[in-house]
Amino acid sequence: MSVLRVEMTVPRSAFDVIAAFEVPAGRVLGIVGPNGAGKSSILAGIAGLVEARGNVLLGDRDLAALPAEQRGVGVVFQDLLLFPHLDVRDNVAFPQRVRLGGRRAAREAVEPWLARLDLAALADRHPGSLSGGQAQRVALARALAAEPDVLLLDEPMAALDVEVRDEVRADLARHLRDFGGPAIVVTHDREDAAALADEVLAVERGRVVQRGTLAELAADPATAWVARFASGRAV
Amino acid sequence: MRALAVAAAALLLAGCAAPAADPEPASEGPTGTVTVLAAASLTDVFDDLAARFEAEHPGVDVVLSYGGSSALAEQVVSGSPADVFASANESTMAIVSDAGLAVAPVVFATNSLELVVSAGNPGGVTGLADLARPELAVALCDPVVPCGSAAQRLLDRVGVVARVDTLEEDVRAVLTKVALGEVDAALVYRTDAIAAGADVEGIEVPEAASLLTRYPVALLADARNPAAAQSFVDFVLGEVGRRVLTGAGFGAP
Amino acid sequence: MPRRRTGPVVAILGGLGLALLVLPLVGLVARAPWNELPALLGSDTVLQALVLSLGTAAASTVACLVLGIPLAVLLSHSVHWPVVPRRLLRAAVTVPMVLPPVIGGIALLLLLGRRGLLGQWLADLGLALPFTTPAVVIAQTFVAMPFLVFAVEGALRSADRRSEVAAASLGASRAQVFRLVTLPLVAPGIAAGAVLCFSRALGEFGATITFAGSFPGVTRTLPIASYLAMNSDPDTAIALALVLLAVSLVVLLALRDRWMPGVVR
């Protein structure tokens, strides 16, 4: 697994989002910032889901030259985007299906992933019948089953009830540690950043304003928003 | 004198207000609307007759509706509110008479069939026998309508089995297809061939002269405006009518 | 949702609307010559027309699917086009729907008839379209395709297209996205469109009789045969009408719960 080096500009209607940073393999970078700052745009640019200029280097491969489906970047979307017409097993098996071609072979190959994410009992259910936490596990399993080189999560806790967040957060932290490659988590929640990320990147109005651990941000905040965020006060 | 004029004016106003059955006004002649159902082959000639009748009787509006005689007969029997029915053969008129709805039908014209081809005769047609050629596109009326049954009788008499591509519901539909060049040959009435002018070429069929179709016209029993309707029927049967019909190619009854 | 009471105005007007739709069919069934029906239904006239109608309507539906689904995709992409081409495309697809069918038939004749714009070249090659069964299929496809296109476009618009984004992030190529995600998501809409298309093709009259003509077994479909039968034999006309009604009902009922959540529950 290699280092992810990003140096790109994502054009948007109000302002361009400009970001340059590195994420070593096995590390989780949290991208934090107020709503509309451009955090999700950075993820979309890395994944190739929106137009972007610049480089996205993984080791010595430039992903920016590749279309989204060839980049090996796994994404867990804020709205999860599970396929409603497929059951849980087929959802998680989708990346295998795309690679292998056969539905049955893919469904067999996916068993380990279902076990890892504790989804065996839910395998025949459809996404519409799952709870928020269950659906999130399915989305994560599906992204991991594609065996990506980079993992991106956009507001992973957003769709969950407050009561289950702590438990899901702990599970998610464990899976991220097991992942092994560079990972990025976008969040506006300090608890999420604290539990999931090794370091955070603070983004405001399309620009990176600070980088460091939460402690460093709390000790020496670069902006008012960072100060409020890092200290845990309401943002 | 003035009382008479006032009375006549009152009756005239009453006649214009409601085109229902009125006693014949004393001095002004027929008024109101006359609804005429006529066979498709009467299209242009009845337009002409209606215009002349309206010119002579300004208070009358003649409303014409053309179609296959059989369809029109069925409409009358189903209760269509018409005053006059003119059909392209006597058996169709019989449908209406048998239902007790036709008042004394009178034959007012005859017609004969003619072989027509599209302008330029691309199929090289010379006679009825050519209708059996498989490579030609041939249109006829369907046998359920008068021109179709007449065509069938003619072909049987001559002993030709036509290779037909389409059996249309009325003779004008057949004529249109010939005029557009979509079919090479068809059997229509002599009057239709004349009406189509330069768009089609006619080929006389000697045997057709002996197979005349007779056109009856009748006032309908349920007519809303029997006075004006009878006046129109008389006009068709009269001298002007005879002249116009002959000019269009119809034969004398 | 709390249950709302149906007010009197809605009940009366709605009831009148329902009566307008249902009573003519009741009249048809009530006046049917039930005694003669078996003999009539077995007659050549009816059987030929039925087989021809079913065959041509099915062929038209296939043609509509093959050509209409890509057209619907094109239409859904056109939201990104500039205004004028976008509106022209939509207008072009709508025209057969609002054009009186006979006018459509005349237009087809002027295009594909023996003296038609394209037809004359076809005639030189020995291909004459009018008065053939393929001409019936062409006429039916012309009038029925917009129904399919708009049904599919609606399904494409309402389906969550972001699933396609997710599929791309999981490694699916554009073709795989279309096959594995887009098509299954719009399948119910496609099915509903196909049913509409089939029904419209089955009932098509004006364009068919003008362009393809009327010959038993070749081009005389159920509606045309029924119209002609009204001339001389109302009993046969009614029998044909009943057959059309029965086929339409069968099509609707057979595809009920499985495919058409929006149209029939």
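Leaving aside its neighbours within four places in sequence, with which residues is L148(C) in contact?

## The contacts of L148(C)

Two residues are in contact if their C-beta atoms, placed from the backbone, lie within 7 Å. By that rule, and with neighbours within four places in sequence left aside, L148(C) is in contact with C64(C), L65(C), G68(C), G193(C), A194(C), L196(C) and C197(C).

## About the model

This is a predicted model, in which local features need pLDDT of at least 70 and side-chain atom pairs count only at pLDDT 80 or more, while totals for chains, interfaces and linings use all residues. Residues are numbered from 1 along each chain as its sequence is written, and chains are lettered from A, with ligands numbered from 1, in the order in which they are written.

## The nonpolar core

A nonpolar core is a set of buried Ala, Val, Leu, Ile, Met, Phe, Trp, Tyr and Cys residues joined through C-beta atoms within 7 Å, where buried means that 20 or more other C-beta atoms lie within 10 Å of the residue's own, again placed from the backbone. The largest such core holds 231 residues, and V84(B), F85(B), L140(B), A186(B), F232(B) and L148(C) touch the most other members. Its largest share, 17 residues, comes from helix α7 (residues 133-158) of chain C, helices being DSSP runs of H or I with at least four residues, numbered from the N terminus.

## How the chains meet

Of the 2 pairs of chains in contact, chains B and C share the most contacts, whereas no contact joins chain A and chain B, whose closest C-alpha atoms lie 50 Å apart.

Notes:
A residue is buried if 20 or more other C-beta atoms lie within 10 Å of its own, exposed if 12 or fewer, and partly exposed in between; C-beta atoms are placed from the backbone. Helices (H or I, at least four residues) and strands (E, at least two) are DSSP runs, numbered from the N terminus.
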